[in-house]
Structure formats: structure tokens, C-alpha cells
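Q: I am new to this structure and would like a close look at a single part of it. Please also say how that part relates to the rest.

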Amino acid sequence: MIVTTLFVVWSIPMRILILAAFCAGLPLAAAAQTYQAINRLYVIPVSGTDFEVIEDHGEGPRGMWCAAASYAHDRLGASGGARLYVKNARSPSVSVSGRTGVVFTLDEASLTVPPTRSYSVSVRTPGLNLPVGHAIEFCKDFILELNDI
């Protein structure tokens, strides 16, 4: 009887403590999935090969491609020759309410339009693609050389 009473008395605070610890860890789990590129743009995974670059800091297409290529290389292990595709053109974010983003993919088969190429760099055309190695070169815009200081 005493053991049962102690279990009931201690189980409620213990349940609250466990629930609080679980809830406190949720933001950390979400933060662990978010990637910040060298240009301070955030990349959020959408599926296995799809991810969204969130527009910020006035970055244009070069910055968006830089962040996408950096994520594809660093997190997904994509080689420089792998192709990076715009799956969903610049539009309201699919992962962050009230923000603008571009969904990129490494999977050509998941595109709803045929892949296209262009001489200009854009994030407004679904299917537009670049090699990861080409797009990652845009990240050099954010590396300061010692002589530049």
C-alpha cells in the first residue's frame, strides 16, 4: 500500500518533468536540421533530396544558389558534378510562415517540368539547374581575402 501510494505521488511530478524535458528538446531537434550557409542563409530539409533556401539579407539568386550548393555538398554529400535543380521557384516558403524561399532538389525525376539551362542565374524558373560545383563558386563572393581587409 505504501509503495503504491509513493508511486502515484511521485509519478505525476515525474511525468511533468519528463514532458518538460521532451518539450525543451524539440527546438534543438529542429535547429539540428537547419543548416546555415556561409552567406548566413538558412536551408531547411523538405525531404530526402529536396530542401528549401530561405531568402534573407537581401541576397539574390547567386546567394540562393550558393546556399543550396553548400547544403547539397556539406549535408547531402553531393559531388561537384551532381546537378542542382530549382524544384519550386521563388515563392512563399513551404517551411517557414511569412517568409520567401526556393525549393531545390538533386533528384531530376521529382521535377514537374523538364529541366532547363540558362545563361543567367535565376531562382524564378522551375527546372533551371546548375552543377553543384558551379553553384558553390558563388560562395566565394562571401570569402574575404586577407588583402581585402
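What is the volume of the largest pocket?

A: The largest pocket has a volume of about 170 Å³. A pocket here is an open set of points, on a 1 Å grid over the protein atoms alone, where a 1.4 Å probe fits and protein lies on both sides within 12 Å along at least five of seven lines. The volume is the space filled by probe spheres set on those points, which are joined across faces, edges and corners.

The model is predicted: local features need pLDDT of at least 70 and side-chain atom pairs pLDDT 80 or more, while totals for chains, interfaces and linings use all residues. Residues are numbered from 1 along each chain as its sequence is written, and side-chain values use heavy atoms, without hydrogens and water.

The lining consists of Trp65, Arg83, Arg117, Ser118, Tyr119, Ser120, Val121, Leu128, Asn129, Leu130, Pro131 and His134; a lining residue has an atom within 4 Å of a point. Strand 6 gives the largest share of this lining, with three residues.

The protein chain has three helices and six strands, in the order α-β-β-β-α-β-β-β-α from the N terminus. These are DSSP runs numbered from the N terminus: helices are H or I with at least four residues, strands E with at least two. The six strands form an open sheet in the order 1-2-3-5-4-6, with antiparallel pairing; two strands pair if DSSP finds at least two bridges between them. Strand 1 (35–36) and strand 6 (129–131) are at the edges with a single partner strand each, so one side of each has no neighbour in the sheet.

Strand 2 (residues 42–45) and strand 3 (residues 50–54) run antiparallel and are joined by three bridges. In one of these two strands, strand 3, phenylalanine 51 is the bridge partner of proline 45. Helix 2 (residues 61–74) packs on the sheet and touches strand 1, strand 2, strand 3, strand 4 (83–92), strand 5 (100–105) and strand 6. Its direction makes about 140° with that of strand 3. Touching is contact, meaning heavy atoms within 4.5 Å; axes are lines fitted to C-alpha atoms, for helices over the stretch in contact, and angles run from 0 to 180 degrees between N-to-C directions.

Glycine 48 sits in the loop between strand 2 and strand 3. Its relative accessibility is 62%, so glycine 48 counts as exposed, a term for over 50% relative accessible area with a 1.4 Å probe, protein chains only.

How values were computed
Buried means under 20% relative accessible area, exposed over 50%, partly exposed in between (1.4 Å probe, protein chains only).
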